[in-house]
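Work through the exercises below with the model open beside you. Try each task before you read its solution.

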Amino acid sequence: MMEVAIGNIKFKNPIIAASGTFSNGREFDEYFDIGKLGGIATTGLTYKRRDGNKGIRLYETRSGMMNSIGLQNEGIEEFLQNDMKFLKEKSTNIIANLGGGELEEYILGAKLLNKSDVDMIELNISCPNVKKGGMSYGIKSKDAYEITRQIREVVDKSLIVKLSPNAENIVEMALACEDAGADAVSLVNTFNALAIDIGKRKAIFDNKTAGLSGPGIKPIALRMVYQVAQNIKIPTIGIGGIVSWMDVVEFIMAGATAVQVGSSNFIKPDICMDIITGLEEYMARENIKNLEEIKGII
Amino acid sequence: MKNSYIHKKIIFKEKLAPNILRIKVEYSGQVKPGQFFMIRGWSGVEPLLSRAISVADYENEQISFLIEVKGSGTKLIDKLGLGDEISLLGPLGQGFNIESGKKIALVAGGIGIAPLLYLAKKMDGKVDLYAGFREKEYLVEEFKPYIDEVHIATDSGKTGHKGLVTDLISPDKYDLVITCGPMVMMKALAQICSGRVDLEMSLENNMACGIGACMGCTVETKTGMKTVCKNGPVFKESELIL
């Protein structure tokens, strides 16, 4: 049985498509039934629409990639009227990923999402690609505490806080979010990173730095999940470089309740199905009835 | 449901120029000129991202791809031999509109010539080719049954006009100009065509997914941000904010 629970929501399996890598599902639903996923974290949604960043937005690295998309999205109202109508017909949990700049923008967005059909809200305080926002709340625990507390006040739905690996202290950060009323934490978002075009003698990205993801970050993400899961009581959702069911098992053994699959959606649109099938077969082989049996086992 | 990645054996491989490879695989299905496939010529996740390669030709249930051997991914594809497998996702993108009865100029820069061959085969009317290369021409001979005039430019001066391909074209002769090549060449062409003839561009950009999800390959248009992979790769120049 792959079922897991986060907040007051049950997931039929622990595989969630990560925000920013799955659009709002439509493109992937052409390749497999996205209703088979445990959940879908929407693209980073902001109160008002955003065009995202200019210049190069993607750059491949060894064992990974960097992105500087900059929260391009249609805005929450448009999402609710359009993509959410499509998503709510799918038999999976819809987790609205809430991004923003100023605190006020986050609160307005949270209020809209709270009265919508989304199943959960994932508060993104970890986007490295928007100025004055996002990640500035994800560095210091006291800032994360404050925004989580204020969002908690206006949100009745289950609330996940998505953490940045760029936090000063990832364990204190997770504890601060727990104290402020989060129902779960998800980690990690991308690592703030730099790439340089030596021919042009310039940074590849207009913002200079961008977010690093992919299999190259997995061992660090796994270590952070392990440390966090040992120290908090609420569930931890593991994210970072998952490409196979074996990676998922590692995250669960490190203490994660569920996982999010990110960049690898780009290398095979139905990779989440391979992962779900692989996990199911593994559990049957090892006679594991419930993932709790191996959670945090190391 | 669409197929996810399929695996196909390489049934033909040749070098058209020192760093230009042509491979063919069997395929059956609808493929439009200007569409592309995401290709992996390696197993595993290193390099992480697939390579977006346009369809150079599709005939007798065989697809041809021209590949410029340049980085880690294309070098791995270059190492493959006959009978080795590549993985493909596609066809992707919207491709070209097939026009008939118009006077059309196809303007290619380097490897940008690839999608224009399959397009030339599908069009009727008067079609001329203008092709620019660094060193030496390739693929041009194969256009000849399908087009009227051929104009070549090379940086080296080894064949054709020594200089830019954009030096050669008189836009007023045409109803439509279609181009694929380096952005610097296409921008120069846009200047030349501006106010004189319609221009369509097949764009290239760094891509991760190829299916319109990652928002990595977006371009700015007069109607908002569009993805090269799904909304394009072909755009009317008049719609783009370059």
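**Exercise 1: a hairpin in chain B**

Glu220(B) has Met225(B) as its bridge partner in E14(B). Both chains belong to a predicted model, in which local features need pLDDT of at least 70, side-chain atom pairs count only at pLDDT 80 or more, and totals for chains, interfaces and linings use all residues. Residues are numbered from 1 along each chain as its sequence is written, while chains are lettered from A and ligands numbered from 1 in the order in which they are written.

Task: find how many bridges join strand E13 to strand E14 of chain B.

Step 1. Locate the strands: E13 covers residues 218-221 and E14 covers residues 224-227 of chain B. Strands (E, at least two residues) and helices (H or I, at least four) are DSSP runs, numbered from the N terminus.

Step 2. Count: 4 bridges join these strands, which run antiparallel. Two strands pair if DSSP finds at least two bridges between them.

Step 3. Trace the link: 2 residues connect E13(B) to E14(B) in a hairpin.

**Exercise 2: two barrels**

Task: state the strand order and the pairing sense of the barrel in chain B, then of the barrel in chain A.

Step 1. In chain B, 6 strands form a closed barrel in the order E1-E2-E5-E4-E3-E6, with antiparallel pairing. Its neighbouring strands are turned by 45° against each other on average, direction ignored. Axes are lines fitted to C-alpha atoms, for helices over the stretch in contact, and angles run from 0 to 180 degrees between N-to-C directions.

Step 2. Check one pair: E3 (residues 36-40) and E4 (residues 51-59) of chain B are antiparallel over 4 bridges. Ile39(B) has Arg51(B) as its bridge partner in E4(B).

Step 3. Contact needs C-beta atoms, placed from the backbone, within 7 Å.

Step 4. In chain A, 8 strands close into a barrel in the order E3-E4-E7-E8-E9-E10-E15-E16, and the pairing is parallel. The twist averages 25° from one strand to the next.

Step 5. Check one pair again: E7 (residues 93-98) and E8 (residues 120-124) of chain A are parallel over 4 bridges. Ala96(A) has Ile121(A) as its bridge partner in E8(A).

**Exercise 3: helix packing in chain A**

Task: decide how H4(A) lies relative to H5(A), parallel or antiparallel.

Step 1. Read the geometry: the axes of H4 (residues 103-114) and H5 (residues 141-154) of chain A come within 9 Å and cross at roughly 30°.

Step 2. Classify: that crossing angle makes H4(A) roughly parallel to H5(A). Angles under 35 degrees count as roughly parallel, over 145 as roughly antiparallel, 65 to 115 as roughly perpendicular and the rest as oblique.

Step 3. List the contact: H4(A) supplies residues including Leu103(A), Tyr106(A) and Ile107(A), and H5(A) supplies residues including Ile147(A) and Val154(A).

Step 4. Sort the contact residues of H4(A) with H5(A): 7 are nonpolar, 2 polar and 1 charged. Ala, Val, Leu, Ile, Met, Phe, Trp, Tyr, Cys and Pro count as nonpolar, Asp, Glu, Lys and Arg as charged, and the others, Gly among them, as polar.

**Exercise 4: the contact between chains**

Task: how many residues does each chain give to the contact?

Step 1. Chain B gives 21 residues and chain A gives 30 residues.

Step 2. The side of chain B that touches chain A divides into 13 nonpolar, 6 polar and 2 charged residues.

Step 3. Note the confidence: the predictor gives the complex an ipTM of 0.93 and a pTM of 0.95.

Note on methods:
Two residues are in contact if their C-beta atoms, placed from the backbone, lie within 7 Å.
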